[in-house]
Amino acid sequence: MAADKQNYKIKLASGRILGPMALERVRLLMLKGQILGNESAREYPKGEWKEFHLVSGLGNLLVSRAEGKLESTDPNQTNDLLAGATQILTLSSQILEPLPEIATAALPEIAPELPEPPEPEPKVELHPHPDADKTIVRPSPEQLRELEDRTVVGSLEETKEESQGASFLDAEAALGSRVFKPVDRNISQEKTVMFSKSSNPASDVIRRAPPKWRRYYRQVLFAVVVLVVGLETLLDDQPENTAATIKIQYVRPKLPAALPGASPDPAKSSEAYSRAMGSYVLDTVEGYKTSATLLHQALSYNMGNVKALAMLASCYLNLIDSSNKDESYFDVISELIKLSRAKSVDLPETVIADVEFYITVNKPEAAQDRIVKYTSEHQNYGIEMFYYLALAFFQRGDTGQAARYLALFPDQKAFSAKIFYLRGEIARKLSDTDSAYREYMKAVAFNPAHAKSRLRIAELLNGKSELKHAGTHLEYLVNHPNLLGPKDLAQAFYLHSLLSEAYNRIDVAIGDIEKAVKLAPNNHDYSLQLYVLRAAAGGSIKAVQKEARMYYFLGEGERLLKAGKTQEALSKFLEARSANEKSPVPLVKIGDMFKTLYDYGNARINYKMAADRSKENIEIWSKYIDILIQCFEWEEALKAMDRFRKKPGHQSSIDKAAADIYAKQGKFPESLIYYRKAMARDSIDPDVYIAYANTLVATKNVDLIKHAPFFYALALRFDPLNFNAIIGTAKAIAASESIDRAIVMLQDELQKGTAKAELISAIAELQIQKGDWAKAQDNVDQAMMINPEYAMPWKLQAQIYSSREYSDKHAMDKALEAYKSYSDRNPSDPSGYLERYRIYANQLKFDKANDELMKIYTVYPKYPNIHYFKGLLFSRMGNAARAAEEFRAELANNPNSVAALIAYGKELIEGGKYNEALLQFNKAMLLAPAAAEPKHLSAYANYLLKNYHGAVALYNAALSIDSANPLVYKRLGHAHKDLGDMAGAAAAFKKYLEMEPDAPDRDLYQRYR
């Protein structure tokens, strides 16, 4: 082969292979500094790997360079106008030196459409990919030195040729899929990504790559924008601004309505229903949206269509991640299911709706019971019941039973790709990645638009270091965002970012990961990728090296946080703050870490500094407001809320904050009103769901509590490992159904490997409620052994010790030690200190009791009732003056404290200040109109002021609320006596003696007849 026709492959020091490429292209890359001459090379296609200078034709290039005579023979290659246009955001080999200019690689264009894949080959084995051990170099700790440049040159399809042996690629080749060919996109020019509808998602095609001239034009424009706007715009501290291209149009579930003035038309209803099912079985977001629209049409023709009612509920349940999840969402689905049941026709469709609803609200055992009951009553049940029974077992964590039942579903009977998808999920849970991959590929073969299966394929390939072979799937996903819900779409953008980074498309990679972070801001994997890319992007540009160092340390902190090394992560976040003291991002991370470590004081300081650096960022200010509420700083929280109260787009966070304040004060009706307002907004703060559910449980109203599992389930959609939502669900089930069922639910969660110490402690807490102390002790011991630093088991241990107060003389001393261990592990929770205060007070150890209160005061100077508790302590010590002083201090901080008003009024009465005492009691009556004690004490103050008529009226009002208080009858008798009403006095004294037959003053009142 002639020298000018010979192609070569070059192996870089990093292990990455470039080529094949012509000699002129090798010459050009040497001129650009991308090939140094110390690499390995071979003639393509039949040459062997040799040192660079030993390969025929390449050694001459080294000689020419040494003589200073190396130059390009192609005049078209010398025009560098476009060569470095996109390199501003690429990696550098040295942090303190600017990037050498690198010509943008010519990439093959994307195929115009995805071929319809045939049935995959039955046997697929996993083998490590040849490049699996070639990791992408990240910035090093030594101030980000030696950032590796990973430009891909030549045909990407040839890279595939270098793979040897069987791998996931075998099955993908059977489907006719192609190696990833990146779309040459530039995020500065991208249009806003919208979730648009498609009537037939399965027939959509992958978008063509833009023409080469247009790509170059965009690169030039991008470079100009960078020069004009400045690099700080590209490396903004706040990813939520740069990732604002993601806009999700949420579904708002609604009840169907009949056509006005039209008679029912069952034929049209049935026809619309059939069309709806065609979209339903696609098992995509767009498919369910289309199906819901058609089901509304079916029901408009015939509201008695039970199948349509049930399947509309199913559509909305499957669209939960793409819906506006307010309280009406729950109401609509509940009503649809109720309407379908009201027809007294038990159909498979009604079973499907019930099963999916139970699974959604984290009650898979109830879903299982529903299927078992249906199949026992209907001998000719359909094969689809095996799928839903398998789904119920899978959600319970019983993958063995799930696999067993799904195996009864033949491939040829599959009605949807979801059958193969569930098989894949089960296999993956069982660590059988070969089988999982085969099943996902079957799903794609069944329905090329089954986006969830494509996403899982990409995840598996990424786990095997073969992400490049997922290029076709990832391109399909990011170009068809309407097929996935926000959480899955975020994962797709994340994987596409990794893929783009592997091909050195750093600008595209950053754009993708910013979208992922916007969609899932609490995902540490996404944050880590964002920080690493930003560190890499700015590592070689002196103007932004400060930001690069900051992002490097943030990335290292996220990495440690993922590994569970909390303190080490905090240290890295502190280094990130030192690297760039003007950025709010490290401060927010530090605040998050201190909050996780229950150090609310330091969390508050860092959130405040972050808020001061980002005065219009509601997400940062929401964190600051929340910590103020947790610290009982109501006034400061309200001032912070006023900054955003009238600004559009912030109302959900402000409504939630108002609700949080009411909830923290125990004003649950008011808090529920504001939580509902927060959920009704177009943009919803996802933290509202768990807060609302917690408040529903706190009301102790069974009718409200039974709704709580649904909202805990919504919280879990955003954070599947949120053990507080899981435990909250169990507590709601215990309060509204039974403790035993709640324990079963937690045991199912344990099978999934979720937060074991937390869940075992929750089971122990429920067993304590049952009075099953022995089993509770076993679980407490187990939780302590699994995680000795977890606080809750120590609190439960203290409760167990306290239950033995009258059988073990040392029990309360043991309880004191256990409560101390709890507080040591969770210093932000005042309950441990309060329990020790009560124990010491009961033991008459007043100094130690006061010490416990001072520990609370040190952390929370405005903790409600802190001065009230101190006042009670001084009152028991006989120090009325100090007691009154503490009660006044409490009312200064908490003027609406009924308990403090009553206690202060009592001290005023003891001091003979009856009029002042009456003012306190009257205010308490207004604040707590349903309480008996303020009326009783107001009556007593009126009596002391000789207002006997007023006293009698108020005593009777108190008795109408609490008729079991003998003291009220006794005092009522005295008021009647002083009015001269001896009959009334006798009746009241008689009632008093009936309730207190052993009263020491019995003889004094027996004479009244």
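A: The model is predicted, so local features are described where pLDDT is at least 70, side-chain atom pairs count only at pLDDT 80 or more, and totals for chains, interfaces and linings use all residues. Residues are numbered from 1 along each chain as its sequence is written, and side-chain values use heavy atoms, with hydrogens and water left out.

The protein has 50 helices and 6 strands; these are DSSP runs numbered from the N terminus, with helices being H or I of at least four residues and strands being E of at least two.

The sheet is open and consists of 4 strands in the order β2-β1-β3-β4, with antiparallel pairing; two strands pair if DSSP finds at least two bridges between them. Its edge strands are β2 and β4 (50-51), each of which pairs on one side only. Strand β1, residues 7-11, is joined to strand β2, residues 17-22, by 4 bridges, and the two run antiparallel. In this pairing, K11 stands opposite I17 of β2. Strand β1 also pairs with strand β3, residues 40-44, over 5 bridges in the antiparallel sense. Here Y8 is placed opposite E43 of β3.

Helix α1, residues 23-31, lies across β1 and β2 and runs at about 125 degrees to β2. Such angles run from 0 to 180 degrees between N-to-C directions, and axes are lines fitted to C-alpha atoms, for helices over the stretch in contact. Contact means heavy atoms within 4.5 Å.

The helix pair consists of α17 (residues 433-446) and α18 (residues 451-463), whose axes come within 9 Å and cross at roughly 150 degrees. The two helices are therefore roughly antiparallel to each other, a term for angles over 145 degrees. The contact is formed by T433, A436, Y437, Y440, M441, A443 and V444 of α17, together with S453, R454, R456, I457, L460 and L461 of α18. By class, this contact of α17 with α18 has 9 nonpolar, 2 polar and 2 charged residues. Ala, Val, Leu, Ile, Met, Phe, Trp, Tyr, Cys and Pro count as nonpolar, Asp, Glu, Lys and Arg as charged, and the others, Gly among them, as polar.

For the protein overall, 55% of its 1009 residues count as buried, meaning under 20% relative accessible area with a 1.4 Å probe and protein chains only. Among contacts between residues at least 6 apart in sequence, 62% join residues at least 24 apart.

How values were computed: Angles under 35 degrees count as roughly parallel, over 145 as roughly antiparallel, 65 to 115 as roughly perpendicular and the rest as oblique. Buried means under 20% relative accessible area, exposed over 50%, partly exposed in between (1.4 Å probe, protein chains only).
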